[in-house]
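Subject: Structure handover

Hello,

Here is the structure I promised to pass on. Please open it next to this message. My notes follow below.

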Amino acid sequence: MKQDFTTIPSIIARHPRKASSLIMILQDIQKEFNYLPEEAMRKTAETLEVPMSKVYSVATFYNAFSLVPRGEKLIRVCVGTACHIRGSKVIREQFENELKIKPGETTPDMKYSLEVVGCVGACAMAPVVMINDKYFGSVKTSRIKQLVGKG
Amino acid sequence: MVNITINGKLVQAYEGEMLLAAIRRENIDIPALCHHEAVEPYGACRLCMVEITKNEWDGWKNHVTSCLYPVEEGLIVNTHTPTVIELRKTILDLFLASSPHSTVIKKLAAEYGITRTSYEEVPDSTDCILCGLCTRICDKMGFSAISAVGRGHGKEIAPPLKEPPPDCVGCLSCAYICPTHYIQFTDNGKERTIWGKKFKLLRCEKTGLPTITEEFAAYLIKHREIPEDYFKINDLSHRRELALKMGQITQWGREA
Ligand code: SF4
Ligand code: FES
Ligand code: FES
């Protein structure tokens, strides 16, 4: 994956130049690159005059941000309370076996990233899996092959 | 002044101050690990919890962190009720699970009768209790070199990208303020290392003793408008100079 970091300043410039723009800028950068490149974090800190330590703190706090490049398809297995009770553990294991990666990792071909998250707010449909922005409810292990294929 | 009752004693407190300050003035010992006068209160450790009520509250009571609760006219405060002690014990029990090797935590827990946690000890535990004093003092000093990183179980205090922090000047404020002495540094009189970053120490021209790091001096000269010459000698030599001057003044006084 080749990446062009020259767009970073223009992404930052879309927002008012103040500390409270930090999260919105990081969201835009995440969207553009699928992760937060170090260069982008530094540039953001510099432009907003926010210490780099604060940018890093925010970047590592939210699950929505990633510091390493993520795959095209981000698979999030919910392991929140409701999903846990309804068997998210086997769902997670099945994805691990299918993709040969652990949560937090990305397949070498950069196609898939696997993550576990705590409650995505759709407990009634537990166990829930999110693939990019789409929700899949009442997931069964037998469906996982298919979910990896499409989604 | 505000009138409050602490453990049955009527005392006066200053408008706007927090309960903890008034409690401490009464020489009552309650633990407050995340509190320090130099920084804003934060409410992280929960150990300074006390019971509050008022006559007009009809027996209704509340438990609040005294470091964060401003004094109020008529407040009745109790620092060692059975419930408060029970709460503090639970918190210490939890701290003992997350920092089982910290001597500070072990000692404090023992004072409350806990020698072993009733929870499962955290594997790969550290002595950091995430009180946030180090990051708050670093912010206050104007450096913001370190911050909380990550969240949940993995949360820790670290410099950005976990690399030697460019904004750190080696002042050691974080290490000195850390209640559990978790932050490590080395100092051999010539060189100092903290957060993986090395600093050269300045030396007093008169005594040859080390003073502060070059970076810290440069910062104070630039941003706090302290004259450059000030860092040529150490505090002791400054005092000696001052003493000599004072001596001269009294001498002149006598002559006149
Ligand atoms: S390193 Fe020390 S001062 Fe900083 S949060 Fe941890 S316990 Fe508190
Ligand atoms: S616990 Fe999974 S959606 Fe709420
Ligand atoms: S001292 Fe009040 S919560 Fe820590």
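A residue counts as exposed when its relative accessible area is over 50%, and as buried when that value is under 20%. A:Ser142 has a relative accessible area of 64%, so A:Ser142 is exposed. Please keep in mind that this is a predicted model.

Let me stay with A:Ser142 for a moment. A:Ser142 sits in a loop of chain A, between strand E4 (134-136) and helix H7 (144-149). A:Met52 is 90 residues away along the chain, and 45 Å separate the two C-alpha atoms.

Chain A as a whole

Chain A has seven helices and four strands. Their order along the sequence is α-α-α-α-β-α-α-β-β-β-α. The C-alpha trace spans about 50 × 30 × 20 Å along its principal axes. Of the 151 residues in chain A, 43% are buried. Chain A exposes about 8300 Å², and 53% of that comes from carbon and sulfur atoms. Take the contacts in chain A between residues at least 6 apart in sequence: 60% of these join residues at least 24 apart.

Where chain A meets chain B

How many residues of each chain are in contact? Chain A brings 12 residues and chain B brings 14. The two chains bury about 1100 Å² between them, with 55% given by carbon and sulfur atoms. On the chain A side, A:Ser53, A:Tyr56 and A:Phe61 supply 46% of the area buried against chain B, more than any other three residues.

Two salt bridges are found across this interface. Look at A:Lys54 and B:Asp139: their side chains form a salt bridge, at 2.8 Å from N to O.

Inside chain B

Chain B also has two assigned domains, domain 1 (2-111) and domain 2 (133-240). Their centres, taken over C-alpha atoms, are 32 Å apart. The contact between them takes 12 residues from domain 1 of chain B and eight from domain 2 of chain B. About 790 Å² is buried between these domains, and carbon and sulfur atoms give 67% of it. B:Leu33, B:Val39 and B:Val104 supply 47% of what domain 1 of chain B buries against domain 2 of chain B, more than any other three residues. Salt bridges between the two domains come to zero.

Two spots in chain B

Start with B:Cys171. Is B:Cys171 buried or exposed? B:Cys171 is buried, because its relative accessible area is 19% and the cut-off for buried is under 20%. B:Cys171 lies in the loop between strand E7 (156-158) and helix H5 (173-177) of chain B. Leaving aside residues up to four places away in sequence, B:Cys171 touches B:Met141, B:Phe143, B:Arg192 and B:Phe216. B:Asp187 is 16 residues from B:Cys171 in sequence, and 12 Å away from C-alpha to C-alpha.

Then go to B:Ile249, in helix H7 (residues 235-255) of chain B. B:Ile249 is partly exposed, with a relative accessible area of 48%. Together with B:Leu242, B:Met246 and B:Trp252, B:Ile249 forms a nonpolar patch on the surface. The accessible area of these four residues together is about 460 Å².

Best wishes

Methods:
Residues numbered from 1 in each chain as written. Chains lettered and ligands numbered in written order. Predicted model: local features only at pLDDT ≥ 70, side-chain atom pairs only at ≥ 80, totals over all residues. Heavy atoms only, no water. Patch = residues over 30% accessible without salt bridge, like charges linked within 9 Å, V, L, I, M, F, W, Y side chains within 5 Å. Areas by Shrake-Rupley, 256 points an atom, 1.4 Å probe, with all protein chains shown as cover. Helix = DSSP H or I, 4+ residues; strand = E, 2+ residues; numbered from the N terminus. Buried < 20%, exposed > 50% of the residue type's maximum accessible area, 1.4 Å probe, protein only. Contact = heavy atoms within 4.5 Å. Buried area = accessible area lost by both parts, 1.4 Å probe. Domains from an automatic or database assignment.
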